[in-house]
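How do the helices of this chain pack against each other?

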Amino acid sequence: MHATDGRAVPPPPVPSLLSTPVLLWQSSGPRRLRIGAGRARAELARLTAAGALVLYDPVAPSAVELVHRHTCGPRTPIGPAALPLPVGEGVDAPRRVAREIGRHGARTVAVVGGGSAMDTAKLAAVLAVGGEPRFTAGPHSGLALLSRTDRPPPAIIAFPTTLGTGSETSGVARLPIGERRSRLVCSTTLCPAGAVLDPCLTGTLPRPLLAAGALEILLRLTGPLLGPHPMADAAAEWLLEYAALVRRTADKLLSADALFSAGMLHSTDRSRCSDTEPAAALRLRLATVSAASHQVWPRVSVSPFAFLLWYFADTAATVTGTAKNAALARLFPAYLELALGVRGRSPWADGPRARRVARVLFPEAGPDPAHCREAAAELLRRWGIAPVAPLGADPGRLGSATVTSWPRALTGITAKDAAALYESANTPC
């Protein structure tokens with residue numbers, strides 16, 4: 001194709017562009033998306049030279065190393081500001097960081113850390129210009145919105161040091177409100193202006209956190225496919241293709257512990273058994289898919305409430321005080337079995353679409369829903385993240401809390417229905 005002036009017109013964005021450093025779909029997310037080894041050092045050096053305020057997670061080793069190198073090195077310009085993010089302060093953390101942003105008069109904020117660190121910085125940037133979260137006081141909704149502001153917030157550039165959260169490309173952030181409760185704040189102003197994906201940032205992640213990140217990415221892709229909401233064919237194909245890619249990549253990454261120290265992983269593809277693949281490349285691939293999962297292709301004609309499993313896991317994590325990924329791991333096999341048992345479409349699932357997911361991800365299990373549940377549980381065990389204990393709360397209490405907190409997302413599902421899922425999840429495979 002050519003424009004009227006004779007210049008070549010680039011082809012439309014397609015999923016295969018995911019593997020390239022310049023992603024055409026990034027126009028709907030961060031304005032600057034940098035992917036690849038060495039990107040973090042170069043980008044942070046550029047930002048500190050321009051006077052950006054740097055926030056970092058003091059308990060993330062890769063964050064501390066990167067920030068220290070570029071704010072204390074001999075070539076660093078005089079005056080860059082680098083502040084550790086408050087750890088363990090819960091509800092007060094975003095406001096404390098907002099005050100620091102205002103004190104420095106920062107127009108650009110770089111945040112180096114995991115999901116909680118990025119969420120804190122995103123919220124703080126909006127609070128610094130007068131934005132306020134709006135939500136009900138009781139447990140009637142797990143969502144919160146932001147009030148309008150007269151001034152634009154500082155630009156956030158995210159450097160994720162973990163895998164799976166996707167906070168670096170999303171317009172949502174988790175807001176703690178005390179008593180082990182939180183709200184999911186949603187606003188386009190929360191979407192970072194830029195993100196940097198560099199394997200050096202995830203190089204110190206222990207195996208359990210790598211596995212947890214892989215699970216979160218896999219379920220973010222498959223959750224909407226299992227759910228009952230209508231979906232465009234393009235979105236379904238994208239989600240299914242990259243869910244399979246995540247499983248293959250995570251299988252390689254998590255099945256080669258002995259090679260982590262060497263930084264090389266042997267391919268599990270027998271047709272290319274002589275190849276080796278760096279562990280860093282596998283981590284970067286997972287990080288790229290995670291970032292992409294919040295962008296155009298997976299959201300074509302998809303309801304914002306399509307990921308039902310997330311709402312059940314969110315409530316279980318909040319009520320029991322456990323990690324959300326632990327709750328997801330406990331619930332996923334049981335929910336998959338339930339979805340596969342739906343003949344057509346119900347408030348729980350799209351049965352035919354769920355069966356397609358099972359054929360792609362668990363071909364060894366065959367069509368039986370119980371066998372697919374066992375295959376999903378076995379996959380989690382191989383990755384080292386399958387929980388060994390029940391959720392630790394009464395299923396009836398969890399069921400009531402879920403449908404009360406997420407009524408719009410779970411339309412047609414009663415508290416008794418939800419309790420039955422929690423009860424089933426407590427039965428070991």
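## Helices α6 and α11

In this predicted model, the axes of helix α6 (residues 233-254) and helix α11 (residues 369-383) come within 10 Å. They cross at roughly 40°.

On the α6 side, Arg 247, Ala 250, Asp 251 and Leu 254 make the contact. Leu 379, Arg 382 and Trp 383 meet them from α11. By class, the α6 and α11 contact residues are four nonpolar and three charged, with no polar ones.

## Helices α8 and α13

The second pair joins helix α8 (residues 308-320) and helix α13 (residues 415-425). Their axes come within 12 Å and cross at roughly 75°. Angles of 65 to 115 degrees count as roughly perpendicular, so α8 and α13 are roughly perpendicular to each other.

Phe 312, Thr 315 and Ala 316 of α8 make this contact with Ala 418, Leu 421 and Tyr 422 of α13. Five of the α8 and α13 contact residues are nonpolar and one is polar. None is charged.

## The whole chain

The chain has 13 helices and 12 strands. Of its 429 residues, 52% are buried.

How far apart in sequence are the residues that touch? Among contacts between residues at least 6 apart, 73% join residues at least 24 apart.

Notes:
Residues are numbered from 1 along each chain as its sequence is written. This is a predicted model: local features need pLDDT of at least 70, side-chain atom pairs count only at pLDDT 80 or more; totals for chains, interfaces and linings use all residues. Side-chain values use heavy atoms; hydrogens and water are left out. Axes are lines fitted to C-alpha atoms, for helices over the stretch in contact, and angles run from 0 to 180 degrees between N-to-C directions. Helices (H or I, at least four residues) and strands (E, at least two) are DSSP runs, numbered from the N terminus. Contact means heavy atoms within 4.5 Å. Ala, Val, Leu, Ile, Met, Phe, Trp, Tyr, Cys and Pro count as nonpolar, Asp, Glu, Lys and Arg as charged, and the others, Gly among them, as polar. Angles under 35 degrees count as roughly parallel, over 145 as roughly antiparallel, 65 to 115 as roughly perpendicular and the rest as oblique. Buried means under 20% relative accessible area, exposed over 50%, partly exposed in between (1.4 Å probe, protein chains only).
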